[in-house]
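Subject: A structure for you to look at

Hi,

Here is the structure I promised to pass on. Have a look at it first, and then read on for my notes on what turned up.

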Amino acid sequence: MDHAQNSPSPAERPDPADRPGRLTVGLVGAGRAGSVLAAALARVGHRTVAVSAVSSASRERAAQRLPGAPIVPPDSVVAAADLALLAVPDDALEPLVTGLAEVGAFRPGQLVVHICGAHGLDVLQPATRAGALPLALHPIMTFTGRDEDESRLAGVHWGVTTVPELRPVGEALVVEMGGEPLWVADAQRPLYHAALVVAANHLVTLINDAVDLLRAAGVERPGAALAPLAGAALDNALRSGDAALTGPVSRGDAGTVANHLDALRGRQPSAVAGYLAMARRTADRAIAAGRLDPAAAENLLDVLGDHSAAT
């Protein structure tokens, strides 16, 4: 059978906007994440009817990713939408919701979604008291502002937190955007978010510290040198857990670690504290996993303690 002959042409394919249950969407905060998520909703037929954007960069993103959506104040955005998507920095979310509630922007039956990983439902209480339906939907992905941000959404897990009766709604929105829902209890949102910060933000710091150290050692293309090693280490860690630990700390090579710390003090003293913290944490995990005998670790822990005292 020739499947190509039976496939509808682009002109014959159903318009996503004709699907049942399509919503009008208002985006408060056209930042790197918010603009991508509103565009993802638009691709499956939800219609962005208003956007708030303050900076010139946000206005450019709104024009590029959400063409035709008017830029208006936040209260007007929320008033125009079936689904109010609040995509502002963590510390700005609570005052934003409080202020919008004070001017009567929320209404009964309206979906109010925030995308902050650190917050759960408490921050949406002013909207909930007005009859709005609260959802915390957080994509487990970092957004850089580049074009590939949109394609990176495919297959991403999302932390979904809401009241039980709205769980199917939150999960359906995530699936529509190509994601995988991951239920996170409201009380566990801070711990959930801390885990992601360690995995992404702290990883960036560690890699950039390593790049700086290699550059200081005379390596001309430190990123290229590190890429295979860092990629293999990440893959091994996700596959094997603590069994993936290698290197001088997991072997108890106290002399090597002491030499590292001496070199750092002489050439890159700002990196000493981070090395010490990660070496101690690595030793703890290696001992707990049975990869480093506590007796064999004594000299190593002494070295770490001595250098910590000298910091």
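The largest pocket has a volume of about 2,400 Å³; please keep in mind that this is a predicted model. Its lining is made up of 45 residues, and those nearest the centre are Leu 203, Leu 206, Ala 233, Met 278 and Thr 282. At least two lining residues come from each of these helices: H9 (189-216), H10 (222-240), H11 (248-251), H12 (254-267) and H13 (272-288). By class, the lining of the largest pocket has 29 nonpolar, 11 polar and 5 charged residues.

The second largest pocket holds about 1,000 Å³ of space. Here 31 residues form the lining, with His 138, Pro 139, Met 141, Thr 142 and Phe 143 nearest the centre. Two or more residues of this lining come from each of H2, strand E5 (133-139) and H9. Which element gives the most to the lining of the second largest pocket? That is H9, with 8 residues. The lining of the second largest pocket divides into 17 nonpolar, 11 polar and 3 charged residues.

Now to H2 itself. Helix H2 covers residues 32-43, and at 1.5 Å a residue its 12 residues should span 16 Å; the C-alpha atoms at its ends are 17 Å apart, which agrees. The buried residues of H2 are Gly 34, Ser 35, Val 36, Leu 37, Ala 38, Ala 39, Ala 40 and Leu 41. After H2 comes Gly 45, which has a positive phi, near 105°.

You will also want to look at the sheet. Its 7 strands form an open sheet in the order E2-E1-E3-E4-E5-E6-E7, and the pairing is mixed. Strand E2 (47-52) and strand E7 (180-183) are at the edges with a single partner strand each, so one side of each has no neighbour in the sheet. On average, neighbouring strands of this sheet are turned by 25° against each other, direction ignored. In general, the strands of a sheet pair through backbone hydrogen bonds, either parallel or antiparallel. Which way do strand E6 (residues 157-162) and E7 run, parallel or antiparallel? E6 and E7 run parallel, joined by 4 bridges. Within E7, Glu 180 is the residue that stands opposite His 157.

Best wishes

Technical notes: Residues numbered from 1 in each chain as written. Predicted model: local features only at pLDDT ≥ 70, side-chain atom pairs only at ≥ 80, totals over all residues. Heavy atoms only, no water. Expected span 1.5 Å × (residues − 1). Buried < 20%, exposed > 50% of the residue type's maximum accessible area, 1.4 Å probe, protein only. 1 Å grid on protein atoms, 1.4 Å probe; cavity = no way out; pocket = protein on both sides within 12 Å on 5 of 7 lines; lining within 4 Å. Points joined across faces, edges and corners; volume = space filled by probe spheres on them. Nonpolar A, V, L, I, M, F, W, Y, C, P; charged D, E, K, R; others polar. Pairing = 2+ DSSP bridges. Axes fitted to C-alpha atoms, helices over the stretch in contact; angles between N-to-C directions.
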